[in-house]
Amino acid sequence: MSVRTESSEPSEAIHRAGFACFVGRPNAGKSTLTNALVGQKVAITANQPQTTRHTVRGIVHRPDAQLILVDTPGLHKPRTLLGQRLNDVVRTTWAEVDVIGFCLPANEKLGPGDRFIAKELASIKKTPKIAIVTKTDLVDSKTLAEQLIAIDQLGKELGFEWAEIVPVSAVGDKQVDLLADLLVPLLPEGPALYPEGDLTDEPEQVMVAELIREAALEGVRDELPHSIAVVVEEMLPREDRPADKPLLDIHAFVYIERPSQKGIIIGPKGKRLKEVGIKSRKQIEALLGTPVFLDLHVKVAKDWQRDPRQLRKLGF
Ligand SMILES: Nc1nc2c(ncn2[C@@H]2O[C@H](COP(=O)(O)OP(=O)(O)OP(=O)(O)O)[C@@H](O)[C@H]2O)c(=O)[nH]1
Ligand SMILES: [Mg+2]
């Protein structure tokens, strides 16, 4: 005779599914945290503000829940039409999620930017708000403790309680699982919303463009990161290839805003653009699981961040 011991009957266990969005100032670590929770890169990251330009959904599958993370662009004082659009996207997202995770870096004192966001969050009464202290690997315990107190205080000043205040390090893999454990109980009961195994609902073409942009962002400074946009024009399997040796042709444009930026992106003798191509191609091949031929061209889209027509063309 065999005896089966099961701690819980699956049919009776509660399953939850819902949305949590990460908000915070640019560069607070929202996308890095999203990737760490999902366990795979679904959103690009960079050591520059305003890396994320649209909401990216990352899906965490657990036996007890499906947690859908909505990574949003950093909220900031807009200086361009693009900036305004990004802020609008963030605010629309707040209204739609079950819980809000406000990301505040441990290594930066609370500033007017954080207060501005917190004030706005205070007006969304019905949604629970978790404060997430990011990048804890960069500070000592005293600094962290002070930050936790300051955040608690901030909530009190604005007349609300944080559902939780959680310190995490996405890079150091500290308390990332705990954060998921704290988010899940705040989701409504319900069946999974996405098929098992889906880690994001980003279209492949968009993910490919983002990987190219991430590679192009590396090492550029000042205004240039904001000026870069990438559009994948075409992704087609190369014809006449044997079945065991496929090749995917990808044609993409790297847009900049001014002719003077062209030289920086392309580099001397095209060296920089070539590096961007090699770096992103490796990532794209890993993502799609197929060899890729990547054809990159640089184009000027004059002042696209301020031009409604150009913004539409670039997908904003
Ligand atoms: N040391 C450390 N660095 C981190 C951590 N999380 C993020 N970073 C770094 O912080 C920078 C910004 O990270 P992102 O995840 O792109 O920040 P974001 O909030 O998504 O930024 P936007 O999309 O511009 O709003 C990157 O250089 C990350 O590597 C962390 O836990 N520890
Ligand atoms: Mg981001």
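Predicted model: local features only at pLDDT ≥ 70, side-chain atom pairs only at ≥ 80, totals over all residues.
Biologist: What area do the two domains bury between them?

Modeller: About 1,600 Å², with 51% of it on carbon and sulfur atoms. On the domain 1 side, Ile44, Gln48 and Arg53 lose the most area to domain 2, together 35% of what that side buries.

Biologist: Why is the pair glutamate 214 and lysine 41 called a salt bridge?

Modeller: Set the value against the rule. The closest N and O atoms of the pair are 2.5 Å apart. The rule wants a side-chain nitrogen of Lys or Arg within 4 Å of a carboxyl oxygen of Asp or Glu. The distance of 2.5 Å falls within 4 Å, so glutamate 214 and lysine 41 form a salt bridge. The count between domain 1 and domain 2 is 1 salt bridge.

Biologist: And how many residue pairs are in polar contact across that interface?

Modeller: The rule finds 12 residue pairs, both partners at pLDDT 80 or more.

Biologist: On to the ligand. What makes lysine 30 a polar contact of ligand 1?

Modeller: A polar side-chain atom of lysine 30 sits 2.7 Å from an oxygen atom of ligand 1. The cut-off for a pair of N or O atoms is 3.5 Å, so at 2.7 Å lysine 30 qualifies. Backbone atoms get there too: a polar one of alanine 28 is 3.1 Å from a ligand 1 oxygen, and an N or O of the valine 171 backbone is 3.1 Å from an oxygen of ligand 1.

Biologist: How much of ligand 1 does the protein cover?

Modeller: Ligand 1 has 660 Å² of accessible area on its own, and the protein covers 89% of that.

Biologist: Which residues come nearest to ligand 1?

Modeller: Of the 22 residues around ligand 1, those are Lys30, Thr32, Gln50, Thr51 and Asp137. By class, the shell has 7 nonpolar, 12 polar and 3 charged residues.

Note on methods
Residues numbered from 1 in each chain as written. Chains lettered and ligands numbered in written order. Heavy atoms only, no water. Buried area = accessible area lost by both parts, 1.4 Å probe. Polar contact = N/O pair within 3.5 Å; in protein donor to acceptor, adjacent residues only side chain to side chain. Near = heavy atom within 4 Å. Areas by Shrake-Rupley, 256 points an atom, 1.4 Å probe, with all protein chains shown as cover. Nonpolar A, V, L, I, M, F, W, Y, C, P; charged D, E, K, R; others polar.
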